[in-house]
Amino acid sequence: MNSAQIEIQLIASLVAIACAIPGTFLVLRKMAMISDAISHSILPGIVVGFFITQDLNSPLLIVLAALTGVITVVLVEYIQKTGLVKEDTAIGLVFPALFSIGVILIAKNANDVHLDVDAVLVGELALAPFDRLIVSGVDIGPKSLWIIGIILLITITLLIAFFKELKVSTFDKGLAASLGFSPAIIHYGLMTVSSVTTVGAFDAVGAILVVALMIAPAATAYLLTTNLKKMLALAMFFGIFSAISGYWLAHLLDASIAGSITTMLGLIFLAVYLFAPNKGVIAVMYREKQQRTEVSLLTFLLHLKNHNEVEERHVNHLREHINWQKVRAKTVLELALKNNMIVVNNDIVSLTKKGDTFTSKAIDYIITNKDAQIEDMKDDFFLFRG
Amino acid sequence: MKKLLFILLVYATLSSCNTNKKENGKLNVVTTTTMITDLVKNIGKDSININGLMGSGVDPHLYKASEGDVTKLVNADVIFYNGLHLEGKLVEVFEKMGSSTKTPIALGEEIDKSTLIGSDYFASNYDPHVWFNIEYFKQFTKKVTAVLIEKDAKNAKYYKANETEYLAKLNTLQKTITAKIETLPKDKRILVTAHDAFNYFGKNYGFEVVGLQGLSTATEAGVKDVQNLANFIIEKQLKAVFVESSVPKRTIEALQKAVNAKGHDVQIGGTLYSDALGSAGTTEGTYIGMFEYNVNTIVNALK
């Protein structure tokens with residue numbers, strides 16, 4: 001591994017962390033789309049800043065782009081408040097308009113500068129280590145590393161300073177307001193940080209990768225935990241992991257680095273989406289299957305409770321009467337036996353005392369919908385959870 | 001922050017056991033377009049390591065660096081590129097490299113600017129497709145030789161001999177091409193291609209050159225451009241138009257359909273190599289082979 005390769009992975013990892021922090025809050029606030037909007041609508045800010053300074057690395061670009069980012073949010077909310085359209089429609093109205101202003105500005109005035117839409121959207125991570133920052137003759141590392149490092153430092157400082165406020169205003173706006181800090185200020189603060197991060201990263205990794213790094217790791221972490229601190233940590237971990245594994249995927253395929261990182265983000269999300277312990281697709285499928293069996297069990301127990309006649313409780317009769325397939329009947333029977341709810345004597349099934357109380361409680365619950373009585377059953381049965 | 005420190009630590013360990021090695025003391029030369037790669041191969045032959053960034057069929061206007069290119073650039077001692085903003089963002093990167101230990105050489109900057117064709121699109125205001133003028137390519141050859149000699153003096157004689165040999169080949173090429181083009185009547189010398197890559201070719205050999213997409217392949221052809229060009233083709237009674245290996249065929253095919261719809265039969269005369277050479281190992285994979293192939297294709301189709 002040579003120094004350029006290390007620097008690329010370092011830049012990618014720093015971008016991943018810097019994106020994961022605002023990304024987590026955006027995902028929790030159900031505002032993921034706004035990061036896509038910001039990443040596009042900052043273009044006019046960048047173009048105007050470039051016209052003034054003639055330097056793609058000037059801090060003025062970041063300031064102006066952050067400003068257009070905030071303007072985007074203000075416009076989106078203004079349109080949304082009219083009540084005529086929904087939030088996603090408002091986003092869809094605002095960012096293409098701002099983005100196209102940027103495109104027109106470039107086409108009209110910037111034909112002879114090296115600023116094209118393509119570079120803004122895709123970036124060129126592979127070339128980042130060759131643009132060095134030289135201070136009084138000494139090479140102190142790639143420029144993008146410094147830019148993103150400073151942004152990350154600011155983001156982390158803000159996160160630590162305003163963690164409580166961010167947390168409360170994300171989960172309970174009313175409470176935040178009554179505690180004396182304005183959710184609006186936190187909201188715009190978060191939007192400003194998102195804009196600044198997007199601008200700082202766009203030159204190195206491009207807007208598409210920024211959006212991917214903001215949303216995908218946070219969404220993946222969201223599937224695994226309900227704790228905010230854990231979610232932040234997991235989002236950062238997934239971001240860094242995708243950045244580095246994506247880099248080596250690119251190495252293996254000799255392909256675009258940003259493209260490979262985005263692919264890894266997608267693959268990791270897919271894996272977690274399928275295999276996450278609680279919210280994963282497979283876990284949900286298993287739970288639904290269990291719930292179906294439990295509904296059958298309840299029907300079966302009810303039948304037993306309602307019939308004292310021996311012939312109604314014969315194993316063979318049950319199969320015919322409730323009309324279950326053999327396999328299902330067997331599963332239900334075994335489940336009931338395992339929980340000591342029934343006893344089988346000479347092929348005659350009877351309820352035990354435990355089975356009898358369980359059935360009464362369950363029926364009560366279904367009728368009254370109060371769950372105080374079944375607290376102790378929740379651990380054994382999915383049916384009564386949530 | 002702990003995580004960051006950890007990553008740094010891992011990197012430090014990994015990198016310490018895996019340092020760069022200069023292969024057998026040979027000069028590491030990185031080239032951009034296939035034309036320049038071929039040229040440098042002819043001068044340096046096996047006494048230098050040549051790493052071309054762009055493969056055959058790659059459009060230099062739209063080139064994206066891959067992971068492997070990073071290592072090539074890191075290990076480069078000398079970088080030869082076309083410049084005049086042909087290679088997009090790469091040019092920008094090379095220009096900033098001036099202060100490092102690498103020597104980036106923009107071959108296009110060697111040419112006397114007053115002889116270049118101007119353009120509104122490119123930042124430098126010059127058409128960068130200079131390799132279609134063999135005289136310019138000879139200047140490239142001389143510059144490459146001079147730089148190689150400066151960097152690797154012990155092989156100076158070898159490079160000089162290769163230069164003489166290659167310049168002789170280019171002179172022969174100039175003669176064969178001129179002779180071939182002479183067989184085509186002057187009024188039939190109209191070249192319609194996908195983008196404006198052949199202006200220098202046209203200027204030298206008396207062709208009127210019309211490109212559908214303008215100088216950069218990044219811009220798209222509009223409906224009006226296609227219609228105007230179709231009318232032009234009918235007016236001039238052209239027999240053939242040409243596709244380019246590094247530009248998608250569909251715009252030229254649209255043009256052909258537009259012309260056919262107006263009742264004039266125009267053929268696709270063949271594929272020309274404009275911004276990139278053919279696959280390595282084939283005749284069209286060398287600059288000389290490519291030039292001969294292009295001229296034969298053009299002359300045979302328009303005759």
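## Nonpolar cores

A nonpolar core is a set of buried Ala, Val, Leu, Ile, Met, Phe, Trp, Tyr and Cys residues joined through C-beta atoms within 7 Å. A residue is buried if 20 or more other C-beta atoms lie within 10 Å of its own, exposed if 12 or fewer, and partly exposed in between, with C-beta atoms placed from the backbone. The structure is a predicted model, in which local features need pLDDT of at least 70 and side-chain atom pairs count only at pLDDT 80 or more, while totals for chains, interfaces and linings use all residues. Residues are numbered from 1 along each chain as its sequence is written, and chains are lettered from A and ligands numbered from 1 in the order in which they are written.

The largest nonpolar core contains 164 residues. Those with the most contacts inside this core are A12(A), V15(A), A18(A), I148(A), V210(A) and F80(B). Helix α1 of chain A, residues 3–28, contributes the most to the core, with 16 residues. Leaving aside neighbours within four places in sequence, A18(A) is in contact (C-beta atoms, placed from the backbone, within 7 Å) with I148(A), I151(A), L152(A), T155(A), T197(A) and A201(A). Another core, of 11 residues, lies apart from the largest one and includes F300(A), L301(A), V332(A) and I342(A).

## Chain A: overall composition

Chain A has 17 helices and four strands; helices (H or I, at least four residues) and strands (E, at least two) are DSSP runs, numbered from the N terminus. Of the 386 residues in chain A, 39% are buried. Among contacts in this chain with a separation of 6 or more, 66% are between residues 24 or more positions apart.

## Helix α4 of chain A

Helix α4(A) spans residues 59–81, 23 residues in total. From its first C-alpha to its last it reaches 33 Å, close to the 33 Å expected at 1.5 Å a residue, where the expected span is 1.5 Å times one less than the number of residues. Buried positions in α4(A) are L61(A), I62(A), L64(A), A65(A), A66(A), T68(A), G69(A), T72(A), V73(A) and V76(A). The helix is followed by G83(A), which has a positive phi near 75°.

Strands β3 (residues 342–345) and β4 (residues 348–351) of chain A run antiparallel and are joined by four bridges; two strands pair if DSSP finds at least two bridges between them. V344(A) has V349(A) as its bridge partner in β4(A), and V343(A) has S350(A). Two residues lie between the strands of this hairpin, in which N346(A) takes a positive phi near 50°.

## Domains of chain B

Chain B is divided into domain 1 (25–176) and domain 2 (184–302), with bounds from an automatic or database domain assignment. The centres of the two domains, taken over C-alpha atoms, are 25 Å apart. Their contact takes 26 residues from domain 1 of chain B and 27 residues from domain 2 of chain B.

On the domain 1 side, the elements giving two or more residues are α2 (34–44) and α6 (156–182) of chain B. α2(B) gives the most to this side, with four residues. By class, the domain 1 side has 13 nonpolar, nine polar and four charged residues; Ala, Val, Leu, Ile, Met, Phe, Trp, Tyr, Cys and Pro count as nonpolar, Asp, Glu, Lys and Arg as charged, and the others, Gly among them, as polar.

## I298 of chain B

I298(B) lies in helix α10 of chain B, residues 287–302. I298(B) counts as buried because it has 25 C-beta neighbours inside 10 Å. Not counting residues up to four places away in sequence, I298(B) touches L191(B) and G269(B). I298(B) and E253(B) are 45 residues apart in sequence and 17 Å apart in space, C-alpha to C-alpha.

Terms used:
Two residues are in contact if their C-beta atoms, placed from the backbone, lie within 7 Å.
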